[in-house]
Amino acid sequence: MAWFKREKPGLVPQQQKKELPDGIWVKCESCGEIIYRKQLVMNSYVCGACDFHFRIRGKDYISLLLDPGSFEETDAGLEAVDFLGFRDTKRYADRLRDAQKRTGLREAICTGTGSISGMPVIFGVMDFSFIGGSMGSVVGEKVSRAVDRAKQGNMPLIIVSASGGARMQE
């Protein structure tokens with residue numbers, strides 16, 4: 001006599017999904033390993049089980065590459081203007097506003113000054129989560145200004161690119 005209830009032959013009981021608190025654990029997209037987020041950050045966003053490289057946000061590159069607390073953003077107030085009144089499946093102005101709300105970013109690039117091991121640098125980092133990191137007029141202007149600052153200050157310029165190409169709406 002069985003001491004447990006048998007399922008129908010050939011059927012495997014469904015496992016219940018365990019809910020994990022948001023942001024504490026991350027599941028590897030490649031091997032399925034559950035990784036403690038702090039461990040993933042300490043491992044430079046690479047899965048310790050399979051060496052899968054996670055997508056990194058712009059703010060994460062800043063903390064990964066620059067000295068702690070050294071980054072100061074420049075040209076933060078620049079915003080794209082929809083001179084063409086462009087519309088495809090939705091208005092370009094709405095697309096920009098949605099991307100800003102969803103990502104917390106104003107544009108696809110963030111530029112500024114910082115330091116690496118105490119050496120001052122001009123730094124720019126693109127973020128693919130903002131309309132695929134596409135390059136519109138503001139991205140071009142910020143890169144141009146960063147180049148000018150680096151040249152004027154005789155400082156190294158570092159740009160982390162994560163772009164999907166040109167923004168055709170402009």
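Among contacts (heavy atoms within 4.5 Å) between residues at least 6 apart in sequence, 64% join residues at least 24 apart. The chain is a predicted model, in which local features need pLDDT of at least 70, side-chain atom pairs count only at pLDDT 80 or more, and totals for chains, interfaces and linings use all residues. Residues are numbered from 1 along each chain as its sequence is written, and side-chain values use heavy atoms, leaving out hydrogens and water.

The chain holds 4 helices and 6 strands, which are DSSP runs numbered from the N terminus (helices H or I, at least four residues; strands E, at least two). From the N terminus on, their order is β-β-α-α-β-α-β-β-α-β.

An open sheet is formed by 4 strands in the order β3-β4-β5-β6, with mixed pairing; two strands pair if DSSP finds at least two bridges between them. Strands β3 (72–74) and β6 (157–160) stand at the edges with a single partner strand each, so one side of each has no neighbour in the sheet. Within the sheet, β4 (residues 109–116) and β5 (residues 119–126) pair in the antiparallel sense over 8 bridges. Here I109 stands opposite M126 in β5.

Helix α2 (residues 58–65) packs on the sheet and touches β4, β5 and β6. Helix α4 (residues 137–153) also packs on the sheet, touching β3, β4, β5 and β6.

Which residues of α2 are buried? In α2, G58, D60 and I62 are buried, that is, under 20% relative accessible area with a 1.4 Å probe, counting protein chains only. The cover over the buried residues of α2 includes β5. Of the 170 residues of the chain, 29% count as buried.

Technical notes:
Axes are lines fitted to C-alpha atoms, for helices over the stretch in contact, and angles run from 0 to 180 degrees between N-to-C directions. Buried means under 20% relative accessible area, exposed over 50%, partly exposed in between (1.4 Å probe, protein chains only).
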